Amino acid sequence: MGEMCDRPKNTNVRLSLPAVCIVWQTAMIILFGVFIRYNEESDTHWVEYKKENNIPSDIENDFYFRYPSFQDVHVMIFVGFGFLMTFLKRYSFGAVGFNFLIAAFGLQWALLMQGWFHSLDYTDGKIKIGVENLINADFCVAGCLIAYGAVLGKVSPVQLMVLTLFGITLFAVEEYIILDLIHARDAGGSMVIHTFGGYYGLSISWMLYRPNLDQSSRLQGSVYHSDLFAMIGTLFLWMFWPSFNSAITDHGDGQHRAAINTYLALASTVLTTVAVSSLFQKHGKLDMVHIQNSTLAGGVAVGTAAEFMLMPYGSLIVGFCCGILSTLGYIYLTPFMEKYMKIQDTCGIHNLHAMPGVIGGIVGAITAAAASESVYGAEGLINTFDFEGEFKNMVPTKQGGHQAAGLCVAICFGIGGGILVGFILRLPIWGDPADDNCFDDEPYWEVSHRSVHL
Amino acid sequence: MGEMCDRPKNTNVRLSLPAVCIVWQTAMIILFGVFIRYNEESDTHWVEYKKENNIPSDIENDFYFRYPSFQDVHVMIFVGFGFLMTFLKRYSFGAVGFNFLIAAFGLQWALLMQGWFHSLDYTDGKIKIGVENLINADFCVAGCLIAYGAVLGKVSPVQLMVLTLFGITLFAVEEYIILDLIHARDAGGSMVIHTFGGYYGLSISWMLYRPNLDQSSRLQGSVYHSDLFAMIGTLFLWMFWPSFNSAITDHGDGQHRAAINTYLALASTVLTTVAVSSLFQKHGKLDMVHIQNSTLAGGVAVGTAAEFMLMPYGSLIVGFCCGILSTLGYIYLTPFMEKYMKIQDTCGIHNLHAMPGVIGGIVGAITAAAASESVYGAEGLINTFDFEGEFKNMVPTKQGGHQAAGLCVAICFGIGGGILVGFILRLPIWGDPADDNCFDDEPYWEVSHRSVHL
Amino acid sequence: MGEMCDRPKNTNVRLSLPAVCIVWQTAMIILFGVFIRYNEESDTHWVEYKKENNIPSDIENDFYFRYPSFQDVHVMIFVGFGFLMTFLKRYSFGAVGFNFLIAAFGLQWALLMQGWFHSLDYTDGKIKIGVENLINADFCVAGCLIAYGAVLGKVSPVQLMVLTLFGITLFAVEEYIILDLIHARDAGGSMVIHTFGGYYGLSISWMLYRPNLDQSSRLQGSVYHSDLFAMIGTLFLWMFWPSFNSAITDHGDGQHRAAINTYLALASTVLTTVAVSSLFQKHGKLDMVHIQNSTLAGGVAVGTAAEFMLMPYGSLIVGFCCGILSTLGYIYLTPFMEKYMKIQDTCGIHNLHAMPGVIGGIVGAITAAAASESVYGAEGLINTFDFEGEFKNMVPTKQGGHQAAGLCVAICFGIGGGILVGFILRLPIWGDPADDNCFDDEPYWEVSHRSVHL
């Protein structure tokens with residue numbers, strides 16, 4: 001009887017999904033029409049702007065500083081996150097397809113939300129965009145894709161669109177508070193992206209707790225080739241993470257240093273992940289879950305401090321610790337959280353994003369507090385921490401405190417926002433699947449008529 | 001009896017394929033030896049050229065403006081097109097393998113053909129090449145790969161080589177007429193690449209019509225993992241399309257703006273594709289065919305106008321419309337064309353390339369005709385539309401007419417060329433498969449001895 | 001009885017693998033702490049350095065010259081090599097996973113080893129690193145990944161770590177001798193990377209010869225989709241090889257020319273590979289092994305000469321020959337070497353790396369010897385061959401001799417080093433699999449509980 005009450009959920013999204021897509025996309029067009037224009041570097045007036053500002057060459061256009069990194073970040077968002085989640089044996093279409101959908105929507109909404117806070121030209125009330133805005137929009141989307149990892153397989157595409165709409169909105173506010181009001185630095189988004197996105201997703205998952213999820217346990221594993229598809233995601237995330245952490249840092253040494261630090265932290269993480277994975281399994285066999293996920297934790301944890309003088313060995317140490325903690329998280333914490341805390345975290349985002357994000361925030365705070373003119377040089381210190389304008393009297397120790405404050409804001413926004421949005425997503429109107437129908441592409445994708453299903 | 005006459009086709013290409021490859025490659029070597037040299041930016045005399053022309057730094061070498069975009073385009077050609085076509089359950093080797101073969105041949109022939117028209121140094125009769133030529137060669141190849149999509153699974157590799165030889169030749173002539181004689185602008189190739197390639201492939205498919213193709217209907221579907229492989233192609237095309245449309249636009253704002261416009265158009269397309277796919281299926285389920293293909297239509301349709309002041313909202317509108325039209329095309333037009341027009345379009349290139357290409361040409365004509373000094377700035381207008389030299393008296397409205405003329409040329413070359421080449425491909429000497437042997441790797445690939453064939 | 005003695009090998013690496021990972025990673029941290037710092041372009045003092053050296057813009061930071069190429073190389077190392085080896089039906093986890101592990105370790109050790117030889121700042125005894133060091137570390141790792149190809153499926157991860165430790169060490173010494181002492185040029189590493197790595201792997205494989213390897217013959221084939229995964233590796237290697245060969249060449253024309261030459265050589269190789277593959281198979285069918293591997297031989301063989309004035313047709317000729325030779329190698333040489341020379345070369349690295357590497361070395365020697373001021377220009381000749389400092393009296397013909405000497409050194413280090421390391425790897429302590437357990441992920445990966453193993 002309980003099961004019968006449970007089962008007849010309506011997963012037909014034939015009206016709701018098209019309605020949401022068409023209406024929201026139309027809203028985007030209208031808002032873009034009212035608000036968004038090209039900035040001086042992507043507008044045809046660039047040729048005059050160049051002369052007026054004595055810019056000697058087109059190569060000084062920000063496009064050439066950031067476009068290669070932007071494309072790498074773009075790959076991380078769509079192939080990286082998308083394929084990382086294809087590991088489930090029967091939910092690969094949903095993983096890569098819904099990731100595609102919500103990222104494509106989210107980046108438009110992010111251009112508006114972040115634009116209002118950061119790129120509004122007060123002379124004409126327009127948001128002026130260039131390549132840096134595209135990168136930031138991709139970053140903003142990453143927060144929501146992280147959250148998707150926690151609820152993978154248990155929600156409808158309409159719920160994901162709602163999750164994204166609110167997620168982007170919360171992100172933009174949180175980011176504004178952390179970066180502009182608190183003046184914390186967070187180049188690779190350890191706090192702003194990973195901590196926020198992680199706790200946002202975990203809180204939603206907690207709100208959407210399904211006590212009878214074991215009814216779909218037959219679908220919760222992977223198959224050999226779905227694990228290989230997931231490795232495509234893992235590797236593109238891993239390889240391009242140096243671009244992620246350096247994409248919006250300062251021109252010159254800022255981008256250069258952030259890339260080096262991230263490259264090193266990630267290399268170190270791979271070794272400790274393998275070590276712990278082997279050590280804690282019977283017979284010393286490696287677990288693909290760890291290799292797919294924990295190897296990335298170092299990139300998350302070095303996000304804030306990547307642009308600082310963390311030093312190459314500092315990056316290795318951060319990666320070293322995160323590989324261990326993240327893998328242990330998969331072994332002990334995820335089952336614990338599911339059993340005792342009612343948090344069902346499909347992809348283990350706590351171990352890959354939330355916890356390493358917090359570590360990254362702490363590392364950033366310590367590194368900032370320990371900064372000195374002897375290491376950074378007088379000008380270097382000002383440049384790196386942006387001790388200019390109203391913050392020109394800032395000192396490193398105080399900056400460390402601001403970094404810590406930023407971390408707290410990210411956690412609060414993640415948890416608070418997740419609970420709020422989780423509440424909305426519990427409304428019985430979104431077409432989410434029944435417990436025995438989770439982790440299955442069948443409710444939302446035409447699979448039967450065209451495939452021998454595995 | 002009819003079937004018996006039909007069946008004994010000889011698919012053995014053991015002589016013809018090696019002969020074509022070796023002879024044509026030898027011809028390439030000879031022609032390259034006679035005609036092709038490095039240009040001033042890739043020659044060792046660059047160091048002297050730099051001094052003579054007061055170029056202050058190596059960073060001004062065109063390599064640094066265009067190489068990142070070139071590599072993105074290169075990925076689209078080989079991984080993008082190649083994997084997009086792997087969706088068939090038993091024709092994935094042919095999809096990615098023959099794509100590889102004809103692209104590798106085509107780019108060499110394209111360097112020659114385009115070189116004679118565009119990069120011939122009349123002082124010594126040599127074609128001088130640099131990174132921009134490599135990009136254009138890849139573009140030229142794209143036209144033939146699009147055409148391959150229409151005949152996928154129904155032709156032999158030798159036929160594909162012939163299709164490519166003629167396709168590249170026609171492309172180079174058509175491109176010269178459109179860009180140089182008519183002076184139309186077409187940065188992302190909506191007309192030159194997609195319209196031409198689309199109609200070229202459709203016409204060939206019409207000439208090669210197989211009334212009994214349903215004999216291989218058991219092979220015409222996908223399987224779960226072949227659809228995932230195809231998503232690799234989709235996503236790399238989608239992500240790198242901004243590089244495609246901006247790869248050969250003007251340095252500075254031109255590349256910057258083209259990338260932004262394409263990024264936005266593609267995002268918008270995803271949402272309307274999802275909407276229409278869900279709305280027109282029973283139970284609102286999404287169809288992978290649409291997600292794999294129609295999500296890309298916005299990139300095609302924004303190709304011509306990407307470098308213009310299309311405005312961010314303009315890009316969104318173009319993407320919005322194309323997602324809808326392309327998906328409806330897959331639902332209604334493709335079956336209609338197969339049934340009533342005898343056009344069997346395996347990949348639906350009409351919906352992904354031909355139709356969005358035509359839309360792109362029209363959008364380009366309108367945008368060009370509507371251009372004004374108040375929006376572009378005096379210098380910006382001249383720069384963007386290249387109103388210089390013999391075209392210095394050109395005005396936007398007239399340019400709009402020229403754009404429209406260019407579109408007509410592309411359509412004519414596509415249809416005319418396709419009929420001509422289709423006629424040649426009907427000769428019974430090319431080793432094409434029998435009707436019940438289509439969509440199968442077995443005739444051209446060693447598969448049996450090394451794989452459990454799914 | 002023989003079999004019973006053979007079988008009870010202990011593949012449990014639960015202690016050895018974690019121990020190696022943790023201890024070596026800790027050693028890396030300590031050594032990095034003592035030795036490695038940022039160089040002037042990645043340090044916060046860059047802003048002051050810029051002023052002191054009259055560098056007009058941040059865009060002159062080497063990061064912007066090399067970072068796009070670096071990321072392409074990075075993709076080749078992790079996705080290219082990793083997925084190229086996934087073709088075996090049951091060893092895909094080991095292919096991509098152990099590739100990941102040893103590359104992540106190797107690049108750290110390479111930064112140290114290469115740093116001591118090339119980037120040591122004698123004023124403070126520190127190695128100063130920037131983006132070029134990252135590229136070189138990836139290059140260094142490539143040598144070991146090539147060697148992995150020969151022993152794929154027959155060794156334990158601990159053995160691979162040992163192979164890498166010694167491989168990187170030998171590489172750094174060999175590279176120093178060839179490039180610095182002998183003053184050979186080797187931009188794309190035909191000699192330094194491919195010849196060395198190839199013979200290193202083949203010698204190890206010879207030392208580890210398994211006479212009863214046919215006991216695992218049931219696992220030695222591919223399946224349909226594993227061949228497709230391997231094509232991902234092939235294509236990313238093929239597409240990004242121009243970046244590989246141009247990543248550390250001279251700014252400006254050097255990078256530009258190296259990319260063009262490699263692009264052309266690879267295109268040519270595809271056609272002759274297809275020709276030979278079809279011609280030498282019954283019924284003219286193509287073999288995926290050739291398409292996956294031999295199509296890359298042209299990139300290897302043009303490695304040394306890519307930065308020279310090889311001329312576009314010269315590149316095509318090199319690619320032409322290598323496609324033929326490499327494919328014939330797979331057809332005739334690999335079986336011959338296994339049967340008569342006791343070299344079991346799982347991936348056929350002899351045909352893809354060792355032989356094309358030697359060809360590349362010879363091509364480089366001839367091209368260098370034939371260089372002249374009339375072709376290169378006076379300054380161009382000096383720049384290209386670096387005839388400066390203690391080598392300012394060098395002439396092209398002599399340089400040709402030095403190139404040949406470099407090739408010999410690479411071969412000797414490869415063979416000698418491989419025999420030495422093979423001897424170490426034969427110790428019965430490394431947890432390698434029994435003969436009937438080769439080419440199987442089961443000994444080292446948790447596969448049974450989570451996958452229907454095909």
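In chain A, three strands form an open sheet of order S1-S3-S2 with mixed pairing (strands pair if DSSP finds at least two bridges between them; helices, H or I of at least four residues, and strands, E of at least two, are DSSP runs numbered from the N terminus). Strands S1 (36-38) and S2 (120-121) of chain A lie at the edges with a single partner strand each, so one side of each has no neighbour in the sheet. S2(A) is joined by two bridges to strand S3 (residues 126-129) of chain A, and the two run antiparallel. Across this pair, Leu120(A) is opposite Ile127(A) in S3(A). Helix H5 (residues 92-118) of chain A packs on the sheet and touches S1, S2 and S3 of chain A (contact means heavy atoms within 4.5 Å). The direction of H5 makes about 105 degrees with that of S3(A) (axes are lines fitted to C-alpha atoms, for helices over the stretch in contact, with angles from 0 to 180 degrees between N-to-C directions).

The model is predicted: local features need pLDDT of at least 70 and side-chain atom pairs pLDDT 80 or more, whereas totals for chains, interfaces and linings use all residues. Residues are numbered from 1 along each chain as its sequence is written, chains are lettered from A and ligands numbered from 1 in the order written, and side-chain values use heavy atoms, without hydrogens and water.

Chain B is superposed on chain C by a rotation of 120 degrees with 0.0 Å of shift along its axis (RMSD 0.0 Å) (least squares on C-alpha atoms of residues with pLDDT of at least 70 in both). The two copies are thus related as by a three-fold rotation axis. Pro68(B) is the residue of chain B that comes closest to the rotation axis, at 3.6 Å (C-alpha).

H13(C) bends by about 45 degrees at Tyr330(C) (the angle between axes fitted to the seven residues ending there and the seven starting there).
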